[in-house]
Amino acid sequence: MSIQDDETLQLYVEESLEQLADVENDLLIIEEAGADIDIEMVNKVFRSAHSIKGGGGFLGLETIKELAHKMENILGLIRNHKIVPSPEVINILLLAFDKLRELVNNVDQSNGMDILEHIVALTGLMSVSLPLDEKKGISNMVDVRLSDGGIIFSVSEFDISQAKKNRMFIYVVEYDLIHDVQKKGKTPIDIVREMQEVGNIIDSKVDINAVGTLDSDISLLNRLPFLVLFSSIIELDSIGSVLDINEKCIRLVTEDMVAVSYEDIPSTTEPKLKETSIQIESEIEEKPLKLDEKVDTPEIHAKAEAISEALSMEEDIPTKKVLKDIMTGIDAPTIKSKATASIRVQLSLLDALMTLAGELVLSRNQLLQVIGSYDPHDLELIGQKLDIVTSELQEAIMLTRMQPIGNVFNKFPRVVRDMAKSLNKEVELTLEGQEVELDKTIIEAISDPLTHLVRNSVDHGIEMPDERIQAGKDEQGRISLRAYHEAGQVNIEISDDGGGLDEKRLAAAAVLKELITEDQARVMSKKEKINLIFTPGFSTADKITDVSGRGVGMDVVKTNLDKLGGVIEIDSQIGEGTTIRIKLPLTLAIIPSQIVSLGKERYAIPQVNIDELMRISANKVKNKIEKVGDAEVVRLREQLLPLLNLADILGVERTYVDSKDGIERRDRRTKIADRRSKKSLIPMSDDDNAEEDLETSTEESNLSDQNERPEDIDRRYHAKSAVNIVVVSTGVFTYGLVVGGLLDSEEIVVKPLGRHLRHCQGYAGATIMGDGHVALILDVAGIARMAELSSLESIHRLAEATIEKEIDKKLIHEVQSLLVFMNGENEQFAVPLDQVARIEKIKAKSIELVSGKRVIQYREASLPLFTIDEVANVKPLEDKEDLKVIVFNITGKEVGLLTTGPVDAMEVSIEIDDTIFRQTGIMGSAIIGEHTTLLIDIYEMLETLNPGWFTGREKTQLEKDKVTTILLAEDSNFFRKKVTKILKDEGYDVIEAEDGMIAWNLLKEHADEVSLVVTDIEMPNMDGLSLTLKIKEDNRFSHLPVITLTCLAGEDDIKKGEAIGVDDYNIKLDRESLMKSIQTHLHKS
Amino acid sequence: MSEIIREENKITIRPNDNIVASMSHELREELLSLIEGGEKGLIVDMKDVLMIDSVGIGVLVAAHNSLSKCDGKLTVINLTEDLYHLFKTMRLDQHLELKTSDELKY
């Protein structure tokens, strides 16, 4: 039959592809379930194969029909528990479905395509792979007997039960080929086709006895009965008219007409049944039909037998080998997949579109009317209406292009399964968020990069099962694919629990390949090192795959995602796994963007790329913007951000709008030509002499501009002179783009750039603004490339490294917040600021002397006062009118220290000397502000003055039978001694350690004694957080409370600590709260 | 008119047109004469036959019946794919020996 009209064919192709899309995953589910078959699932696949077969038959696509038919048979056997869907079986089915897809994709050529191998494989499965007794199932024969007893069909039970399962009716149709066919002008081929279109021919026979022989009189040949055992979903009352035959000739086959026959089942698979008897009865008795009647050429048969033999053998090797032989021939099907030109849309959506189109027509009519009347109010109304309708229309049309990402995800179970199999790994794939919708173009384009990433995860991410067991992981690796919406974008995450990326090895490999220098590698952050795998050229050497684990073609992945406006991020922990996050816009046609200006030109930056906007007012420019090497950076929170000036990159003349007269002038301080000069890239930032000197020495042309100078002073402080920075992210790194002005945020319609602009890498496209002007869309990654920002990045790193070093240095010296005050003349004291409750100004004369103690009336209570010289051997308090009282709150009691001013709080890093001036009440000395300053130990002081205040608590501790031992880790000699003393005073036993490493070793030695750990955070060898982590991860110690002591407890630090398991934070040397915290946690444990 | 090729204990009859009612009488006569001449292994070459109608099938079946009576055998060769499928569907292959035009095709 010739191929039908295109439309029907196209419909068939689409439908079939849709059916096929699900088949793969369903088969995998079936495989997973193994012998415990999910009938529904098998039925689903069965139906897919069936409808493909049906359509194929109808359209004359014989090859497709043939293949689908074979698959249907196998699926039927699986459904009836005749074949266990082992991986081998499923493999053959999967490969066959692949082929089927290829056939459907190339429907025009399908009839000429070779499916021999699949047929062989499938037939092999069908006939011999079953255990012997089950094999009967296929060839188990049943007789179909009509009530009048005369006519008998003998068919396989399988066919009958299959028809029943499909809710089909079984009929015996009796045609007379002469009367019912010939006389109606039809040929037998016609009727066979008719029947196959509406059902299945299970069996048939020509009553050859009725024909007689050649020598019979010709008039005898008026009857040629053709009996068909036919199954169809068409009901009895209409089957007659469908088949165009008298209803009398059709009989419904009921249960009681079917009986099991007891003939011997032939064990040979001989394809041909050679008829020797002309007697129908005897024929039926002797020759049950074979199901695989179409396999009849010797070659196919030989192959089929080989497979079935192989399958039935116990040994794995030959089976695999044979299967492999079959598969190698048909692996990697060369599908010329046609991008489907049509799309399926929900009817409701189409209705909505129709409604909107109607609205649009109405609005147009109104507009036409109003145009005549010139009524501005009406015009405005219609304008609004048009606006609404247009936006809604646009939205609805966008929706028609949306496709669930499941379309892409669905192929991954197969990819993962096949790969894992060939690599001998065990991988479980979980999919999440398949319903998330994306523009069709994106869906199509994302498929390849995603496949690449998933393959990488299986290939390089997940380790071999034995490696995994060694690493204490589950034998089965896990890969999860997740899609979700976030901030108007779609995120896709591919995470595995494999070996992770070793950034050091990546960096080493990159150095080896001379992609980066060793110096660069040294200052690179972990993230930058990991991102090296996106570097073109990194991927090509196959050695690197072995070393790094990943990187084949990742640059291509990145490029593809860039094209889509996507951003990719990698997060990896060695030994724990890798998460790759892709952010994609919902659609490519319309993107939300930030419009920026540069002179008179406007540019759009996609919101996807923007992290934040920054505006540095002119007078702060000098403080905020720093220069490292020849690059400018801006300090943004704790980060240094490299800056690029858009004008320089694009080669546009820098201009500024003069704040006085509003005229745009050329920015005189820099020229396009010297954009790599050592001068500031930031306009309006330099007025100081140093800059000016540098400028005049490097350029001579600016002297003529000197007369503009007076205006500069104004300009610097004018709002318009602020520096606008767009903080953009390329996914790999972040930088600041200095632009002229920040305008609106708009949804722009993306237009591709003309061919003549293609080579400009700074632009991603163009758009037309509301006023009709064209704005170019900036490609932030391209801009970074143009500016060779990668080198800038390293500089930025270098700078950060130096700053970090400085901080480190400070930490060794312990940054302390101190309250510095005077006591005697030229004698400076300090006390930790945290211990201070408040400071009061008093007059000396208001001090009262009550029973030898100085007090002051304060808020209707008396505040006891003391001076340092009462305890320590220092100069007495200077005799002054005005005194300051530093109020401490110790053990719930307030006490005031009399001092003379000035009192100053400062944050200093000091080196504390605890020997020279050590005495009661003085913990040591340090140089603060060029003065030797004595540090007060307020507890010691008060204990000396009022021993009674502290005794109560000590007792509670001493009463316990066992002395509690605390492990203290602190690198500073001073603080360690200090804390030890505090703890010992409180009755605790203390084990001291100089750093985390020592503490860890001591802890192991004294595992039984230690009941609490107090640790400093910043320590050499092993810091407090690592120590905590070690403790919390060790079963022996995880119950121990860990309290950290720190000088700097930032929010971030606390969060980090909490995540690790730190039980409490304490600011260094707040004795009160430390004790409280120790007691609380000891009590708890 | 059918072409009749005689080879060693094998006789092939090749109809030159579709086997339909109009020519069936002629074919019938030819077959009959061959069988009556004592031929037992009769081969019908369908090389030039694209279509066969009910009467045509009737003729082939009748020929088969005649041959069976004297322990002969009817073989039909060079069937087009369509006809081959038709014969298979009608289970005529249980009575006649069938061969497609291309042996390797199924």
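This is a short tour of selected residues in a predicted model, taking chain B and then chain A.

**Chain B**

Start by selecting Asp71(B). It lies in the loop that links helix 2 (54–69) to strand 4 (73–79) of chain B. Check the backbone here: phi of Asp71(B) is near 55°, a positive value in a residue that is not glycine. Is Asp71(B) buried or exposed? Its relative accessibility is 71%, so Asp71(B) counts as exposed, the cut-off for that class being over 50%.

Next, select Asn78(B), which is placed in strand 4 of chain B. Phi of Asn78(B) is also positive, near 55°, and this residue is again one other than glycine. Asn78(B) has a relative accessible area of 23% and is therefore partly exposed, since buried would require a value under 20%.

**Chain A**

Now turn to the aromatic rings. Over all chains, a search of the whole structure finds five aromatic pairs. One of them joins Phe821(A) and Phe829(A), with 6.1 Å from centre to centre and 20° between the planes. This pair is stacked, because the planes are under 30 degrees apart. Colour the two residues by accessibility: Phe821(A) is at 0% relative accessibility and so counts as buried, and Phe829(A), with a relative accessible area of 0%, is buried too.

Finally, select Arg482(A) together with Tyr484(A). What sits over the ring of Tyr484(A)? The charged end of Arg482(A) does, 4.2 Å from the ring centre.

Note on methods
Residues numbered from 1 in each chain as written. Chains lettered and ligands numbered in written order. Predicted model: local features only at pLDDT ≥ 70, side-chain atom pairs only at ≥ 80, totals over all residues. Heavy atoms only, no water. Helix = DSSP H or I, 4+ residues; strand = E, 2+ residues; numbered from the N terminus. Buried < 20%, exposed > 50% of the residue type's maximum accessible area, 1.4 Å probe, protein only. Phe/Tyr/Trp six-rings, centres within 6.5 Å; stacked < 30°, edge-to-face > 60°. Lys NZ or Arg CZ within 6 Å of the ring centre and 35° of its normal.
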